[in-house]
Structure formats: structure tokens, C-alpha cells
Amino acid sequence: MKDERIMKIIGRYEADAGMLIPMMQDLQAENGYLPPEQLRVLSKKLKVPLSRIYHVATFYSSFRLAPKGQHEVTLCMGTVCYLKGAGKISEAICEEYSIEPGGTTSDRLFTLQAVNCVGACALAPVMIVDGKYFDGVSTESALKIISGLSLEPATGTAEVEAGG
Amino acid sequence: MSNKINLTIDGKPISVNPGITIYWAAKKLGIEIPHLCFGEDLPPMSSCRLCVVEVEGMRNLAVSCSHPVSEGMEVHTDTERVRRARRMNLELILSDHNIECITCEKSGDCSLERYAYEFGIKEPSFSGEKNIHPVLDNDPFIVRDYNKCILCGRCVHACSEIQYESAINIADRGFPAQISTSFERPLQETTCVSCGRCISVCPVGALTEKFRIGRGREWDLERKKTICPYCGCGCTVELCIKDGELIKVTTPKKDTINNENLCVKGKFGLHFINHSERLTRPLIKSDGTFVEATWEEAMSYIVENLDRIRKKHGPDAIGGLSSAKCTNEENYIFQKFIRACIGTNNVDHCARLCHSSTVAGLARAFGSGAMTNSMKELRTAGCIFVTGSNTTEAHPIIALDIKAAVMKNGAKLIVADPRKIDLVRFATIWLRHKSGTDVALFNAIMYVILNEGLEDRDFIEQRTENFDNFRDVVMQYTPEMAEEITGVPAEQIIEAARIYAGAETSSIVYSMGITQHTTGTDNVLSLANMAMLTGNVGKRGAGVNPLRGQNNVQGACDLGALPNVYPGYQKVDNEAFQRKFEKAWGTSLSPKPGLTVVEMLHGAENGRIRAMYIMGENPFLSDPNANRVKKDLESLDFLVVQDIFLSETAQYADVVLPAASFAEKDGTFTNTERRVQLLHRIIPPPGEARPDWQIICEVSSRLGYPMSYTDTARIMDEMAEIMPIYGGISHKRIRKFGIQWPCPEKQHPGTPFLHKDTFTRGKGLFSAVDFRPAAELPDDEYPYVLTTGRILYHFHTGTMSRRVEGLDAIRPDGFVEIHPDDAKVLKLKDGAMVEVASRRGTVTARAVVTSRSRPGTVFMAFHYREAAANILTNDALDPVAKIPEFKVCAVKIKKAG
């Protein structure tokens with residue numbers, strides 16, 4: 001049963017509605033995103049309205065409601081990075097790949113995430129790709145780094161979910 | 001007094017209770033503080049920052065809606081600094097607001113517009129990016145334009161903390177944040193129940209009634225309050241009218257039972273009054289078709305025929321159905337017409353089909369067959385025992401009291417119902433018994449109470465009688481035995497008994513799931529036993545509360561639209577009462593109790609009844625065994641129907657008279673908590689339609705018993721004189737807010753709860769009630785149990801609600817709820833068309849596969865003429881109350897086609 005995983009997570013926190021966020025984090029860790037039908041199960045079992053779960057899921061930028069790309073591209077939009085051109089870099093990436101900030105390319109190559117400050121202002125503007133930090137990026141260098149990404153064969157977490 | 005807090009606001013000293021906020025303290029002093037996000041009946045959001053005030057010694061301005069008062073505080077609500085801050089906050093809000101005030105429906109009633117005007121803001125000084133949202137008009141009732149939303153969150157709170165549905169919340173964060181359903185679905189795909197409370201709390205034009213758009217500005221609307229004509233809650237509605245057309249419905253803030261709440265029918269379902277199919281002229285059937293006639297022609301025709309039949313067959317060959325939809329005054333006039341003019345007691349109405357077993361049962365046990373308590377007392381009950389009442393759908397406003405009792409006051413809720421009704425969500429325990437096994441369940445609960453010594457010995461000794469006989473029967477019903485009969489596990493029965501008996505005050509709430517059985521009176525007696533056993537009668541918040549289904553079914557009973565009693569439950573076969581009414585009405589009266597609804601209709605078959613006069617009822621759809629009712633109506637010699645629409649029953653009439661709707665007449669309705677409330681004529685009746693009481697008065701006068709009244713207040717005065725329970729009530733007294741009967745004298749304040757120190761009948765009477773199975777049980781040929789009921793979006797036979805576009809759009813067709821296990825056996829998919837057949841007929845309906853139904857039991861609503869559940873239902877009657885068994889019959893199901 002596809003509900004088994006979510007039931008396990010709920011069990012882990014003894015179905016305590018106060019632990020909604022950790023449960024959602026676990027759910028996302030297992031699936032790569034928050035599958036809506038699993039959130040429905042969560043809502044029913046915890047007796048937390050679905051609208052409230054949706055509220056939480058959309059409030060925190062770390063939660064996602066759609067499967068993400070194979071690579072994760074994070075752009076810092078903190079004050080310093082922004083002043084040093086992060087906004088322009090974001091626009092350029094979005095235009096090149098026809099996505100919105102927070103979106104995933106149609107081939108699921110990567111997901112672009114804008115965050116507010118990664119605490120590395122001295123390195124501004126900062127771009128993080130799959131956990132690796134690139135400092136002092138420009139529009140050109142950022143696009144070049146992304147163009148070096150490639151699609152792996154279907155073993156990613158997102159594909160595991162596709163059966164569900 | 002020592003724990004009061006002293007402070008000054010704008011130099012004025014005030015002493016208040018600790019914990020209240022500056023806003024409320026200021027309000028007490030008559031100081032209005034501007035606010036947008038704060039709604040007085042909702043928790044503070046503290047987001048708009050318009051209510052900021054200056055507090056001496058505080059560095060920052062204080063948010064008055066959420067900042068509690070403290071000792072010695074000096075508050076200034078109108079300083080230059082405060083004004084500057086408020087103006088700035090207003091400008092910030094306006095900077096992302098779609099300023100379309102010249103075409104906005106809310107203009108004239110918009111808080112943002114009002115404050116912008118007060119602060120002289122012509123346009124916001126901040127220009128920049130604005131959110132652009134599509135206008136969401138994919139709901140039949142509510143248009144959501146979040147370009148005008150100021151994110152105050154009031155709608156979210158109303159939905160989650162008044163209605164407890166939580167269909168909406170704030171999605172996203174920061175600039176793109178907006179109110180949204182989960183996954184941005186249309187409202188109808190969420191838990192939304194279309195109560196419209198979100199619209200009423202919205203301070204701006206983000207939420208609008210769809211119907212009103214383009215139909216008139218706020219200042220064009222004429223507002224008048226009256227009472228909702230749907231269920232027995234008795235909500236006050238304010239009809240907003242332009243040029244005779246209902247534009248929208250709101251509700252006043254004060255002097256109502258509904259605390260600013262309405263349900264979908266009250267809020268959006270009253271537009272039927274302007275429907276093009278309203279009857280506007282009398283109709284006379286000629287060669288099988290209706291032809292328009294003048295009032296003169298119709299009256300002469302009616303009088304000629306009634307007179308002929310009365311002369312030839314006697315007065316008892318004529319029967320009248322009065323109406324739970326009509327006013328008290330009209331019911332009084334109608335039964336007076338039948339009794340004093342026609343000369344028979346053959347008068348009844350649809351209460352026979354809903355709560356006659358309540359009237360019979362509670363009158364026997366307590367002496368009075370009505371709700372013992374007030375609706376709002378439910379909020380204070382320690383335990384609420386709901387059985388056979390799908391309260392959220394059939395009495396939505398009372399359901400709000402029950403939900404609030406659980407969610408806000410920690411009341412324990414026991415639900416005993418075969419269906420998984422919505423209240424189960426709030427229940428401490430849910431007893432899912434088999435349909436028709438109520439007595440066994442209640443007896444077992446009482447067995448546990450007695451077995452564990454949880455009964456109220458003092459109450460039993462001092463206030464009741466016949467306890468020993470009762471105990472002998474109950475002590476045979478062990479939880480284990482009841483488990484066999486009811487299917488409820490013994491341990492659940494034990495737990496429920498402990499909860500019910502353990503609470504300080506326990507209130508029973510029930511409705512048709514209890515009454516509409518051949519054992520209806522037994523079921524009611526059993527519940528009365530349970531309340532007396534634990535001393536839960538005669539106290540605030542504790543009692544036995546039958547929820548009445550029609551707006552004025554309580555009143556129609558009170559006014560004697562029943563075959564055995566005169567107004568005020570004074571028995572017709574009691575000589576003293578007979579003399580009293582003969583004197584009052586100046587004519588001799590029959591001492592013989594008349595026939596009930598079903599008896600009258602079936603009486604047409606053997607010629608016992610030759611003519612019927614039906615005022616505002618639709619027995620064709622509301623009565624059991626519809627095929628037989630059809631034959632009965634056809635075999636009548638003469639049938640008069642008086643209604644606002646050409647109902648299914650009216651089709652069989654010889655004469656149809658056009659009546660005025662609730663919005664077109666004065667009078668009173670008595671709601672389910674015995675509150676007599678005044679309604680007001682708001683618009684004129686369409687065409688030549690007339691109020692029912694005027695029509696009846698004229699027929700009566702022409703038949704030789706003159707009745708004439710200048711207005712309905714005079715009728716009420718006459719009623720008050722001869723029925724002690726209404727003795728102190730007059731239209732003048734209830735102009736502001738209704739009074740609960742008994743109200744015997746002009747100074748009497750009314751009675752919120754009954755049987756305080758003594759029962760109406762003296763001592764409470766225990767009854768020994770044994771379990772009897774339903775009249776028709778499933779067998780090999782008809783293996784399923786059919787139970788019937790209502791849904792939120794329609795009312796009774798749908799004459800009104802099915803003529804409301806949005807209501808019918810949401811629930812357009814008849815359906816049958818089937819448990820997934822049964823669906824599997826029947827190889828049915830959700831949405832398949834099925835044939836449901838009983839021994840009395842067959843209907844086709846859409847299958848809804850859902851675990852709401854108990855396995856083996858299917859459910860149908862009876863609103864739909866095209867899938868009329870009452871073609872299937874059993875017309876077997878309760879021997880005492882003569883109520884038919886709508887709630888249990890045996891059916892078979894197969895795929896249609």
C-alpha cells in the first residue's frame with residue numbers, strides 16, 4: 001500500500017499533530033517532495049485540516065509540493081548577494097530554462113531555488129549546486145555551471161514516487 | 001472588585017476585568033478604534049496595525065486588539081503619532097489593493113473605503129508591484145477576488161473557529177501570500193459548506209455573493225429583517241431588496257438566535273421568492289388542465305363543492321392539512337376553519353410525519369412535547385448525546401452550538417447513529433447501531449448506569465414515578481445482549497453510559513432518526529427515561545431536545561393543527577376544553593378526535609374522506625408510500641391546494657390558490673426552542689397571491705362562519721386569550737426579539753428551559769419500554785435496509801430549495817449512499833445508476849459509494865421528485881403517534897438499464 005510509508009512516519013511521532021512539521025520533513029525526505037495524496041492521509045489521521053497543512057507547506061520555502069529536478073540549484077537572494085547582482089542572475093537562468101524561481105525544468109534536470117541568506121555574504125553572490133558552493137558568480141559563470149549538469153538515468157528519488 | 005484593573009483612555013478613567021484588551025476597554029468607554037483585521041467575534045490577528053494606540057511609557061505603539069490592559073496604563077487613541085501610523089499602515093495596505101471602488105459591490109459598506117475616506121487618502125503614496133490574481137468565480141455562491149483582499153484572515157478564522165470546516169487558509173508567504181483552499185481547488189471540492197460566513201466577516205470586497213453582482217449598490221438596497229423559512233432553528237435573516245427583488249441576505253448582529261451565522265439555505269437559498277414559477281392567480285382544473293381564474297370564480301367553486309360534500313357526507317368526510325411552513329396565526333385560522341366552520345377535527349399537518357412521536361412520548365413522560373432547553377444552553381452542557389439527528393445538515397445553526405461546546409468548552413459528545421454523520425468528527429465516542437435498534441441501545445446504556453450505581457437517586461425519588469416497573473425491564477438489557485441486537489460492542493455501550501451519567505449536565509439531542517419508526521414513541525420514552533434516570537431534566541444545559549424540522553412545525557403543533565388537541569394542547573375530547581372553545585368561537589364543536597395525515601389520505605380509498613383542503617403541504621413527496629398517496633389524491637372528490645408553487649400535490653388539485661411567501665406577510669413562527677418570533681412583510685406578493693390567513697378567512701366566511709381580522713396581531717391577541725402557553729405574548733412584545741413559551745402573562749419573561757422544579761405533568765413518568773424490531777426487516781428478496789433523510793443543500797420536498805439555482809447546481813440529482821463492501825458485492829462503481837426497489841415501488845438514482853453508510857444499509861434523501869425515496873418507504877405506523885416508519889424499510893438494488 002502506498003499509504004504505508006506515511007503511516008510509518010505518523011507512527012514515528014505517535015500521531016501527535018504538534019509534530020506536523022517534522023512529519024512533513026520526513027515525508028519530503030523520503031519522497032523528495034510532499035505528494036498531495038499523502039498530505040491528505042496526514043490530514044485525516046492527524047485531524048489537521050488539509051488547508052492548514054497546505055498553509056504550512058507553502059509557508060516554508062524548504063517544502064515542495066511538486067517533485068524536484070535531479071539537481072538542486074540554489075541562489076542566495078540575501079541583501080549582499082542581491083546588491084551584487086543575484087537578481088539578474090536569477091532572471092537570466094529563468095529566461096534560459098523557461099522556469100520561475102522555485103520551479104523545475106520540464107525535463108526535471110534541475111530545480112531553481114531562491115533563498116534569503118545562506119550566511120556567506122563575503123562570497124557574494126553565492127550559488128549552490130547540489131550542495132557545492134560557488135562564490136562570486138556572474139550571469140555567465142552561473143549559466144555555464146548549470147549547462148554542465150546532465151540527466152542521470154532514472155534512479156532519482158522523484159522516480160521512486162512515480163509509481164504512487 | 002480588588003482584582004479589577006484601573007487605567008485611563010484618552011484621559012477617561014475606567015476599571016475593567018484583567019485579561020481584556022485595550023480595544024475592548026476603549027469600546028466600553030464608547031471610544032471606537034479603527035480596525036480591519038480584527039472582528040469582534042473572532043480572535044485577534046494583529047496584522048493590519050490600524051488599531052494602534054499610544055501607551056505612556058511604551059516605546060512602540062500598542063496593537064489595541066490584542067494588547068491586554070494593565071494597572072495604571074495611560075492610553076491615547078487619537079494622538080498625532082497614532083494618526084500618522086494609522087495613515088501609513090492604511091497606505092501600505094492600499095498600495096497592494098485593487099482600487100475599483102466605483103464598480104465594487106462592497107462600496108458603501110467597505111471598511112477600507114471608509115477609513116481611506118476618514119484619513120483623506122485619495123490614492124496611496126506607494127506605487128509598486130501589485131499582486132494580480134485571477135477572479136475566482138467557479139463557485140455557485142461565492143466570488144473570490146483576491147486582488148481586493150487585505151489578508152486580514154477574518155475569513156480563515158470564521159471558517160475554522162465558527163464553522164470548524166477550515167476550507168481556507170493563508171497560502172504562501174510574504175508578498176505573494178493569499179487566501180487559498182488546499183491545492184487551490186474550487187470551494188465545492190473542499191470542506192466548504194457554503195455558509196457564507198466568510199463573506200459576512202470580509203471587511204472589503206474580496207468576497208461577494210455571486211447573485212448580487214451587478215444587481216445593485218449597497219445604498220440601493222432596502223434591508224428588513226424577518227425569520228428564515230427553512231428549518232426549525234429560526235434564524236433572523238435580513239433581506240436586502242431592490243425593486244422587489246431579493247439581492248442578498250445578511251443577518252443582524254443583535255437579538256437573534258443565530259449569532260450572525262446562517263447556513264447555505266438561509267444565506268443563499270431564499271431567492272425562490274422571486275422565481276418565475278410562483279403562482280400568481282387562482283387555477284381551476286377543467287378537463288384535466290389548469291385554467292386561470294378570478295378569485296371570485298375560485299372561491300365560489302370551492303364553497304359550492306365543500307358545502308355539497310359536507311351536506312351529503314357530513315363534516316367528517318372533509319379533511320384539512322395545515323402547514324408547518326405557515327405562520328402561527330395562519331395555523332390558528334386554519335384549524336379554527338376546519339373545526340368551527342367545517343365542523344370536524346380532521347386537521348393535521350406534517351408534524352405527524354416528523355415529531356408526532358415526540359409530542360406523544362414527551363407529553364406522556366414530562367407533560368410537554370417540546371425541546372426542554374434553549375439552543376444556546378447546549379454550549380454549556382458537559383455531555384451532549386446526539387442520536388438520530390444529522391445536525392450539521394438538518395439544523396446547521398444548532399450544530400454550531402454543539403461544535404462550539406466540544407471545541408471551546410470541552411464538552412463530551414456521544415453520537416449514536418448508523419450513519420457516519422459529520423458530527424462524528426467531534427465525538428468522544430460514536431455508537432454505530434443498526435437502524436431501528438434504538439430502544440435496545442438506550443436500555444443497555446441505562447442498564448450500565450443502574451448496574452454501576454450512576455443514577456441520580458434523589459431525582460428519581462423526589463421527581464419521578466413508576467421507576468420500579470421501568471427498572472425491571474431495563475435490567476434485562478445487558479450490554480452483551482444489546483451488542484447482539486444493535487451491533488455496538490458492549491464496551492462502547494459501557495463507556496457511553498459512563499460519559500453520559502458522569503457529566504454535570506447532559507443534554508440529549510435527537511431528531512427524525514428517533515421519531516420516524518413504528519417504535520417512534522418508544523424511542524422517545526426511552527430517551528426520556530435516560531434523562532430522568534440521571535437527573536438531567538429541569539436544569540440549564542440538561543434535558544431532552546427534539547430538533548424540529550420545519551420553521552414553524554413547533555408553532556403548528558402549538559396552535560392545534562393536530563386532530564386531537566385545540567390550540568395550546570388542550571384535548572378535544574375533554575369536555576371542559578370543548579366548552580371553552582365553543583364559547584370562544586361561538587359555535588358547537590365535535591368532541592371526536594379527527595384523523596391523522598396518513599389516515600386521511602388512506603381514508604380517500606374507501607370514501608371516508610371525500611374532500612381535502614391542503615395549505616402549503618406536499619404530501620405527495622413527503623409521505624411514505626408515494627404510489628399509494630397518488631392513488632389517494634386521485635380518488636378524492638374534491639381537492640383544494642393553497643401554495644406558493646404548483647407542487648407535486650397541487651397537480652392533483654381541483655383548485656389551486658396562490659399564496660404569499662414568508663417574505664410577503666406578517667405573523668409569527670415558533671422555532672424549535674419554543675421561541676415565538678415575529679416576521680415582517682417585506683415585499684408585496686406576486687400577482688394576485690394572498691396571505692394564507694386571508695384566503696382561509698374568506699372561504700370560512702363564505703361557508704357561513706364569518707372570520708375577519710384587520711391584521712395578524714389581532715389573531716395573535718385572540719390566540720393568547722385562549723391558550724395559556726402563549727398567554728403573555730403579543731406582536732408588540734416580540735418586536736425586538738422573540739419569547740420562549742410557556743409565557744402565561746404579559747409580564748412573564750418566557751421560559752428558557754422546562755420542568756425546573758416540577759414536571760408539567762407533576763412527576764416525571766418512567767416507562768417500561770421493551771425493544772421491538774422494525775416493521776419490515778431485510779430478507780433474501782429485499783436484503784438491504786433503506787433509511788432516508790435530508791441533505792444540507794435541500795429542504796424537505798425541494799419546492800423551495802430546488803428552485804434556487806446554486807443549491808440545485810451543487811446537489812442536482814437523487815442519490816443512494818452504499819457502503820463500499822456492498823458496492824463490491826453488487827459490482828457497482830461510484831456514480832453508477834442503480835434501481836432501488838421495495839415492496840411498494842422502484843426508483844432510479846445515482847450510487848454514491850461511501851463508508852458513511854453502514855454495511856447492509858443504504859441511504860437516500862427524500863428531496864427529489866425524480867428519485868422519490870418515499871416511493872419506497874413503508875407506511876406502517878407507530879401505534880400511538882401514527883408516525884410512519886420512514887427510517888427503516890427493506891429494499892433490493894441492481895444496476896439500472
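Visitor: What are the ipTM and pTM of the model?
Guide: This predicted model scores an ipTM of 0.85 and a pTM of 0.89. For chain B, the pLDDT averages 92, and 100% of the residues score at least 70.

Visitor: How many helices and strands are there in chain A?
Guide: Chain A has eight helices and four strands, and along the sequence they follow the pattern α-α-α-α-β-α-α-β-β-β-α-α. Along the principal axes, the C-alpha atoms of chain A fill a box of roughly 50 × 35 × 25 Å.

Visitor: And what share of chain A is buried?
Guide: Of the 164 residues in chain A, 43% are buried.

Visitor: Switching to charges, which residues gather in the patch of positive charge?
Guide: On the surface, Lys44(A), Lys45(A), Lys47(A) and Lys420(B) gather in a patch of positive charge. Lys420(B) sits in the loop of chain B between strand 18 (412-416) and strand 19 (429-431).

Visitor: Why does Lys420(B) count as partly exposed?
Guide: Lys420(B) counts as partly exposed because its relative accessible area is 40%, and the partly exposed class lies between under 20% for buried and over 50% for exposed.

Visitor: Which residues make up the negative patch?
Guide: The patch of negative charge on the surface gathers Glu480(B), Glu483(B), Glu484(B) and Glu491(B), and its largest share, three residues, comes from helix 16 (residues 479-486) of chain B. Glu483(B) has its place in helix 16 of chain B and is partly exposed, at 35% relative accessibility.

Visitor: How many salt bridges does the structure hold?
Guide: Over all chains, the structure holds 67 salt bridges. One of chain B's pairs is Glu54(B) with Arg81(B), whose side chains meet at 3.5 Å, N to O. This pair links distant parts of the chain, with Glu54(B) in strand 3 (residues 52-55) and Arg81(B) in helix 2 (residues 80-95), 27 residues apart.

Visitor: What about Asp109(B), which residue does it form a salt bridge with?
Guide: Asp109(B) pairs with Lys106(B), and their closest N and O atoms are 3.6 Å apart. Asp109(B) is partly exposed at 40% relative accessibility, whereas Lys106(B) is buried at 14%.

Visitor: And where are Glu599(B) and Lys882(B)?
Guide: The side chains of Glu599(B) and Lys882(B) meet in a salt bridge of 3.1 Å, N to O. Glu599(B) is in helix 22 (residues 597-603) of chain B, while Lys882(B), 283 residues apart from it, is in the loop between strand 37 (874-877) and strand 38 (884-885).

Terms used: Residues numbered from 1 in each chain as written. Chains lettered and ligands numbered in written order. Predicted model: local features only at pLDDT ≥ 70, side-chain atom pairs only at ≥ 80, totals over all residues. Heavy atoms only, no water. Patch = residues over 30% accessible without salt bridge, like charges linked within 9 Å, V, L, I, M, F, W, Y side chains within 5 Å. Areas by Shrake-Rupley, 256 points an atom, 1.4 Å probe, with all protein chains shown as cover. Salt bridge = Lys/Arg side-chain N within 4 Å of Asp/Glu carboxyl O. Lys, Arg positive; Asp, Glu negative; His and termini not counted. Charge placed at Lys NZ, Arg CZ, Asp CG, Glu CD. Helix = DSSP H or I, 4+ residues; strand = E, 2+ residues; numbered from the N terminus. Buried < 20%, exposed > 50% of the residue type's maximum accessible area, 1.4 Å probe, protein only. pLDDT = per-residue confidence, 0-100.
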